[in-house]
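Subject: The structure we talked about

Hello,

Here is the structure for you to look through. Please open it first, and then read my notes below.

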Amino acid sequence: MNKTKIVQMYKILSHTQPTFEETDNDWITHGLNSTPFKLLVSVAISTMTHDKRTVKACIALYEKISTPQELIELEDEELATLIKPAAHYNRKTKSLKKMCHQLIEQYDGEVPQTKEELMELSGIGRKCADIMMHFSVGEPSIAVDTHVHRVLNRLGVVNTRSSEETADVINTITPQQYKQHAHEWLIGHGMEICKARAPKCKECALRDWCQYNQTRAIG
Ligand code: SF4
């Protein structure tokens, strides 16, 4: 897809999708991102978990702890109970403990500021590191989850097999001025319009040049 079309896509999305700050965002309302440490823990808890369950787990957890030291002082059983609304809460209990030990031993309890260091932390993969770089470090980066990966492939903006590959391509081809909100617009579009099982193509503002829609019309 050429650059003109990518710019066109972002212009349309900027008019059809709100940014997180323009919505009643539960993460902001409940302080899931109120410190870099909480944002890091929140994104680790959010993997493979519905947003409402992530928020529920994090509210319970942050009533008890707000630092890496406080988290590792929790008994495993108590931590698992607090984050039980999240998927794989037992595995996440172990990885959160390990991550907090890493933060204390390697970074004096602070959250590291580079993607490479973030990805060395237990439970933090490419998507989580990109979210941290964007929302905590302030380096605009488009984090790619399942929604963003699906939307960009259906549109034909990318032709990729994994979220990591999509992240590499979309971060390379997106003009800098759209990186600030691209992640938010694309996730919103994927959750509300370009749904996994039943995309609402008839009401989609991008339908005229969407590869998936054109293929379907021909078929
Ligand atoms: S036209 Fe359909 S498949 Fe294409 S982006 Fe819109 S909703 Fe998704």
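Please keep in mind that the model is predicted: local features need pLDDT of at least 70, side-chain atom pairs count only at pLDDT 80 or more, and totals for chains, interfaces and linings use all residues. Residue numbers start from 1 along each chain as its sequence is written.

Now the overall fold. The protein has 14 helices and zero strands; helices (H or I, at least four residues) and strands (E, at least two) are DSSP runs, numbered from the N terminus. The radius of gyration is 18 Å, close to the 17 Å that the globule rule gives for 219 residues, so the protein is as compact as a globular protein of that length. This radius is taken over C-alpha atoms, and the rule is 2.2 Å times the number of residues to the power 0.38. The C-alpha trace spans about 60 × 30 × 30 Å along its principal axes. Of the contacts with a separation of 6 or more, 61% are between residues 24 or more positions apart.

How much of the protein is buried? Buried residues make up 36% of the 219 residues. A residue is buried if 20 or more other C-beta atoms lie within 10 Å of its own, exposed if 12 or fewer, and partly exposed in between, with C-beta atoms placed from the backbone.

The largest nonpolar core has 49 residues, and Leu40, Ala44 and Met132 have the most contacts inside it. Such a core is a set of buried Ala, Val, Leu, Ile, Met, Phe, Trp, Tyr and Cys residues joined through C-beta atoms within 7 Å. Helix 3 (residues 36–46) gives the most to this core, with seven residues, and the core draws at least three residues from each of domain 1 and domain 2. Leaving aside neighbours within four places in sequence, Met132 is in contact with Leu39, Leu40, Val43, Leu118 and Val137.

Helix 3 deserves a look of its own. Of its 11 residues, 10 are buried, including Lys38, Ser42 and Ser46. Among the elements that cover these buried residues are helix 4 (51–62), helix 7 (89–107) and helix 9 (126–137). Cys58 sits in helix 4 and is buried, with 25 other C-beta atoms within 10 Å. Beyond its neighbours within four places in sequence, Cys58 is in contact with His30, Leu32, Ser42 and Ile45.

Phi of Met48 is near 55°, a positive value in a residue other than glycine, and Met48 is exposed, with 10 other C-beta atoms within 10 Å. Asp108 also has a positive phi near 55°; Asp108 lies in the loop between helix 7 and helix 8 (115–119) and counts as exposed, with 8 C-beta neighbours inside 10 Å.

Finally, the ligand. Which residues come nearest to the ligand? Of the 14 residues around it, they are Cys194, Pro199, Cys201, Cys204 and Cys210; a residue is near if its C-beta atom, placed from the backbone, lies within 6 Å. By class, this shell has 10 nonpolar, one polar and three charged residues. Helix 10 (146–155) and helix 14 (211–218) each supply at least two residues of the shell, and the largest share, three residues, comes from helix 10.

Best wishes

Conventions: Ala, Val, Leu, Ile, Met, Phe, Trp, Tyr, Cys and Pro count as nonpolar, Asp, Glu, Lys and Arg as charged, and the others, Gly among them, as polar. Two residues are in contact if their C-beta atoms, placed from the backbone, lie within 7 Å. Domain bounds come from an automatic or database domain assignment.
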